[in-house]
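This briefing walks through the packing and the strand pairing of the structure shown below. Please keep the sequence and the model at hand while reading the points, which are grouped by topic.

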Amino acid sequence: MALLELRNVSKIYHLGGEEIRALDDVTLDIEAGEFCSIIGPSGSGKSTLMHILGCLDSPSRGTIKLDGVEIQKASTSQLAQIRNRKIGFVFQFFNLLPKLNVVQNVELPMIYSGVSGRERRERALKALELVELGNRLKNRPSQLSGGQQQRVAIARALVNDPKIIFADEPTGNLDTHTGEIILELFRNLSRQGRTVMLVTHNPEIAAVTPRRIEIRNGKIADKVDARLAGLDRKVAGAGAAAAH
Amino acid sequence: MNLFNTVLIGLKEIWSHKFRSLLTMLGIILGVASLVGMAAIIKGMENGMKEAMVAMGGVDKVLLRVQPVPSWQDHLQDQAPGKTMVDVQALRKSAPLIRLVSPEMGIEDATVSRLGKNFRPEFCSGVWKEVLDMNLHTLAHGRFFNDIDEEEARSVCVIGTGIRDELFGKPEDVGKEIIPIGEQILINGQPFTIIGMFTKYMSEQDAKEAALKAKEGPQKAVAGPKRQKGWGRKGGWAFWSKNNTVYIPLYTAWVKFRAVGDLNGVPDPRLTDINLKVASLDQLEPALQQARNVLMMTHHGIEDFTFQTQENQLESINKQIQNARLSGGIIAAISLLVGGIGIMNIMLASINERIREIGICKAIGATGVDIFIQILVESLVVSMIGALLGVAASYGFVEVLQLLTPSANTPVITPMAMVVGVAFSAAVGVTAGLIPAFKAARLDPIQALRYE
């Protein structure tokens, strides 16, 4: 059984009587421990897929199983709890709370899951050690560099020990060098056996992941566009790595 | 998510906008301060009124009043006897529920004089020694009349300090307290010997002020002719009039001022006052009934009298206080409400600013309820801090009010008003937070995250 199972999932928006299929009959499995990227041009439904995978949104049709539990019918507060315990998010714009310091930001998800104060601090410190920020605990996000902020965000995503980590353009707002460091961090997480999903339109990043899922017009493409996937240098074998 | 963390985050939010939060709280601060101040003023009024009532003889005092006979007895009007000693004796013998009967024979247009100084006392009447208990007088110097003074109609009198002040000089002016026991004064031209003097009656506040003045020592002499600054009198009327009292034995009053008769040559046997005190306030109703029965006998069934109890006075005081409380409370409640609207306004602005933050919190697992409680607690924290500051401010406010109000009605801070103020602010805070909290809780995480 896969960690995430999507069966015939569609997401339909109605805009002024017009029906827009952001996702159209998507079927997809993601196994535990996989490191894969979701790629696709803007407006392809990439974000919608990530929102549905990340339990930020519910599909209009189809079924989703996360960790063996069907979640397409969950209420918003049930979804919130699933996000809290099973999913970690890393965003392009870091999305740290500006009024909280580094530790408090990392502790925040545990506050919502009701972890006791002492354990919260312990786990936050451990997560921050992991991203090598154990020395900046009391700093505000605004006092950190972009790379450091993103590392705090990763620590926050990890702290509740989630089943799966989603990163939405995690390097999109960073310079190349810092981006590589962040990417390396994800690769390490993957090596430790965590499931990591990168959403990106950057071919170089997609090239890092063993599996690539390309979305085109709300559907999963049969063949991954080699240029988009950053594979144009080794066109052969692109098919093998593509979406299946 | 536990409450402590919620409050902590709320405090952080408030602290990060100190000035804005302070302005928001100002409404609540002023509301609570005005509520407490209002309650303090009213409490002061109540205290002043009750003090004055006690000075006039306490709650258990009942006045016997003459009234026109009822219409069906109109033809008996000229036979109505009025208040006489017959009534007094009958009440003393036959009305056991009446503890005290004190007759007073007032001397009309009395003038007391000594060495060319004249003064009109507030009360000048012939009394029995029961009057001490009746009007709650305390003798400070000398003695009161005894039975022999009464029997022999001796020309003796007991005065209040006001009379001493007028005829012999105030302690403040002459520098020492004159105790005129044994001195002679004239009452309407007839010589009387002072055998006793009451203490100086004053309200608690005046007593405090006097003590303070005494501590400060002698005042610096003021240039210019001796003068009284300002009209009116300090302290309440009740205390002032009680101090300006001259009492002589009842029989003396009869012999010296009444027995000679009026223009027709017939002495008027009627008393000016018969005051009663009941044995116990619980028995007020039966006691009055008893007194009425006795008086109906002595008045031959002519009902030319009625009773006036301090109960009415107490009732009217309570009613006045209640009205004042109601109107003050409404004004304070409105100002608190305005404060609440201020909070709601700011909370709405604040969640609009924080849509993205709320989106982040939701993305990492905050449920709608978590966000709802967070905003509500924030609003509550603002109002509670405001309420506590308001309570602190009310102390200063009442200090100022104490300078502005008459001394007999000094405002008194009541803990109850503070509790009510804080509780009301809490309610206002929660109510003001409801709509913003609801709005925040309903935000869609995806849209909130995209919000710029």
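A nonpolar core is here a set of buried Ala, Val, Leu, Ile, Met, Phe, Trp, Tyr and Cys residues that are joined through C-beta atoms within 7 Å. The model is a predicted one, and in it the largest nonpolar core has 124 residues. Chain B consists of 452 residues, of which 40% count as buried, and 16 helices and twelve strands are found in this chain.

**Nonpolar cores**

- Within the largest core, the residues with the most contacts are Val106(A), Ala155(A), Phe166(A), Met197(A) and Val36(B).
- Helix α2(B) gives the most to this core, contributing 17 residues.
- Two domains of chain B, domain 1 (3-53 + 316-450) and domain 2 (58-209 + 233-310), each supply at least three residues to this core.
- Met197(A) touches Cys36(A), Ile38(A), Leu53(A), Ile164(A) and Phe166(A), when residues up to four places away in sequence are not counted.

**Met25(B) and contacts along chain B**

- Met25(B) lies in helix α2 (residues 18-55) of chain B, and Met25(B) counts as buried because 26 C-beta neighbours fall inside 10 Å, the cut-off for a buried residue being 20 or more.
- Leaving aside residues up to four places away in sequence, Met25(B) touches Val382(B), Ile385(B), Gly386(B) and Leu389(B).
- Gly390(B) is 365 residues from Met25(B) along the chain, yet the C-alpha atoms of the two are separated by 9.0 Å.
- For chain B as a whole, among contacts between residues at least 6 apart in sequence, 85% join residues at least 24 apart.

**Helix α2 of chain A and its cover**

- In helix α2 (residues 76-86) of chain A, the residues Leu79(A), Ala80(A), Ile82(A), Arg83(A), Asn84(A) and Lys86(A) are buried.
- The cover over the buried residues of α2(A) includes, from chain A, β4 (61-66), β6 (87-90), α3 (102-113) and β7 (164-168), and, from chain B, α13 (355-363).

**The six-stranded sheet of chain A**

- Six strands of chain A form an open sheet with mixed pairing, in the order β6-β7-β8-β3-β9-β10.
- The edges are taken by β6 and β10 (219-220) of chain A, each of which has a single partner strand, so one side of each is left without a neighbour in the sheet.
- Strand β3 (residues 35-39) of chain A pairs with strand β9 (residues 211-216) of chain A in the parallel sense over four bridges, and Ile38(A) stands opposite Ile213(A) in β9(A).
- Helix α6 (residues 176-191) of chain A lies across β3, β7 and β8 (195-200) of chain A, and runs at about 150° to β8(A).

**Antiparallel pairing around strand β1 of chain A**

- Strand β1 (residues 4-15) of chain A runs antiparallel to strand β2 (residues 18-30) of chain A, and nine bridges join the two.
- Ile12(A) stands opposite Arg21(A) in β2(A), while in the hairpin of β1(A) and β2(A), which has two residues between the strands, Gly16(A) takes a positive phi near 55°.
- β1(A) also pairs with β4(A), in the antiparallel sense and over five bridges, and here Leu6(A) stands opposite Ile64(A) in β4(A).

Terms used
Residues are numbered from 1 along each chain as its sequence is written. Chains are lettered from A and ligands numbered from 1 in the order in which they are written. This is a predicted model: local features need pLDDT of at least 70, side-chain atom pairs count only at pLDDT 80 or more; totals for chains, interfaces and linings use all residues. A residue is buried if 20 or more other C-beta atoms lie within 10 Å of its own, exposed if 12 or fewer, and partly exposed in between; C-beta atoms are placed from the backbone. Two residues are in contact if their C-beta atoms, placed from the backbone, lie within 7 Å. Domain bounds come from an automatic or database domain assignment. Two strands pair if DSSP finds at least two bridges between them. Axes are lines fitted to C-alpha atoms, for helices over the stretch in contact, and angles run from 0 to 180 degrees between N-to-C directions.
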